[in-house]
Amino acid sequence: YAVDNLADPAKYHPQTSETADHSLPICAAMALLDGTVTVKQFDTGRWQAPDVLALAAKIKVNVDAALVARVPKGNGASMNVPLADGTTLTQVVDVPEGDPAKPMSRASLEAKFRDSAVPVLGAAHADLVVALVRGLDGLADVRNLTRALRA
């Protein structure tokens, strides 16, 4: 199971961003605290923050036989978050967005690109790249796209 690689003991106290980005507890903690998981969090060391590490330490990762039975390829996940008032929030994702069975929407793909591209290219050039890719079939000269990617 992926749990063996994503939640082994070293993943609870990663020493590098490369280990952190393959840590289910660290990624789950950042998602719960920040509402997202992006490259920026790994580049800026967010994964090392005391609140992230403290929450990650509370995360228990288990294989759910019922989920595995529903999703034989093992690409589903569920999360249960117990709250202080005694209620538990639960989210189940049988097939994650980006899986071949559930391709990313154009909006999600463009948002993911912008998250990574804006810090490097700037917002205007990232928007230009998105526009050029949207019109790729009619693009007369691919050099316009490669120039936009180097901005």
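This report walks through the fold, the hairpin, the cores and the charged pairs of the structure above.

The model is a predicted one: local features need pLDDT of at least 70, side-chain atom pairs count only at pLDDT 80 or more, and totals for chains, interfaces and linings use all residues. Residues are numbered from 1 along each chain as its sequence is written, and side-chain values use heavy atoms, with hydrogens and water left out.

## The overall fold

Let us start with the whole chain. Its secondary structure comes to nine helices and two strands, where helices (H or I, at least four residues) and strands (E, at least two) are DSSP runs numbered from the N terminus. Reading from the N terminus, the order of the elements is α-α-α-α-α-α-β-β-α-α-α. The radius of gyration is 19 Å, well over the 15 Å that the globule rule gives for 151 residues, so the chain is more spread out than a compact globule. That radius is taken over C-alpha atoms, and the globule rule is 2.2 Å times the number of residues to the power 0.38. Along its principal axes, the C-alpha trace spans about 55 × 35 × 30 Å.

Of the 151 residues, 23% count as buried; buried means under 20% relative accessible area, exposed over 50%, and partly exposed in between (1.4 Å probe, protein chains only). Among contacts (heavy atoms within 4.5 Å) with a separation of 6 or more, 31% are between residues 24 or more positions apart.

## The hairpin

Next come the two strands. Strand 1 (residues 77–82) and strand 2 (residues 88–93) pair in the antiparallel sense over six bridges; two strands pair if DSSP finds at least two bridges between them. Together they form a hairpin with five residues between the strands, and Gly86 in the turn has a positive phi of about 95°. You can follow the pairing by eye: Pro82 has Thr88 in strand 2 as its bridge partner, while Met79 stands opposite Gln91 in strand 2.

## The nonpolar cores

A nonpolar core is a set of buried Ala, Val, Leu, Ile, Met, Phe, Trp, Tyr and Cys residues joined through side-chain atoms within 4.5 Å. The largest one here has twelve residues, among them Ala20, Cys27, Met30, Phe42, Trp47 and Val52. Helix 3 (24–34) and helix 5 (50–58) are the elements that give two or more residues to this core, and the largest share, five residues, comes from helix 3. A second, separate core of seven residues includes Ala117, Leu132, Leu145 and Ala148.

Leaving aside its neighbours within four places in sequence, Phe42 is in contact with Ser17, Ala20, Asp21, Cys27, Met30, Val37 and Trp47.

Arg46 is found in the loop between helix 4 (39–43) and helix 5. With neighbours within four places in sequence left aside, its contacts are Met30, Leu33, Asp34, Gln41, Asp51 and Val52. The side chains of Arg46 and Asp51 are joined by a polar contact of 2.7 Å. Such a contact is a pair of N or O atoms within 3.5 Å; within protein, one must be able to donate a hydrogen and the other to accept it, and residues adjacent in sequence count only if both atoms are side-chain atoms.

## The salt bridges

A salt bridge is a side-chain nitrogen of Lys or Arg within 4 Å of a carboxyl oxygen of Asp or Glu, and by this rule the count comes to eight. Three of them are shown here.

| Arg134 | Glu110 | 2.6 Å |

Salt bridges that share partners join Arg106, Glu110, Arg114, Asp127 and Arg134 into one network.

Now for where these residues sit. Glu110 is buried, with a relative accessible area of 11%. Arg114 lies in helix 7 and Asp127 in helix 8, so this pair ties together parts 13 residues apart in sequence. Arg114 is partly exposed at 26% relative accessible area, and Asp127 is partly exposed at 38%. In the remaining pair of the table, Arg143 is exposed at 52% relative accessibility, whereas Asp141 is partly exposed at 24%.
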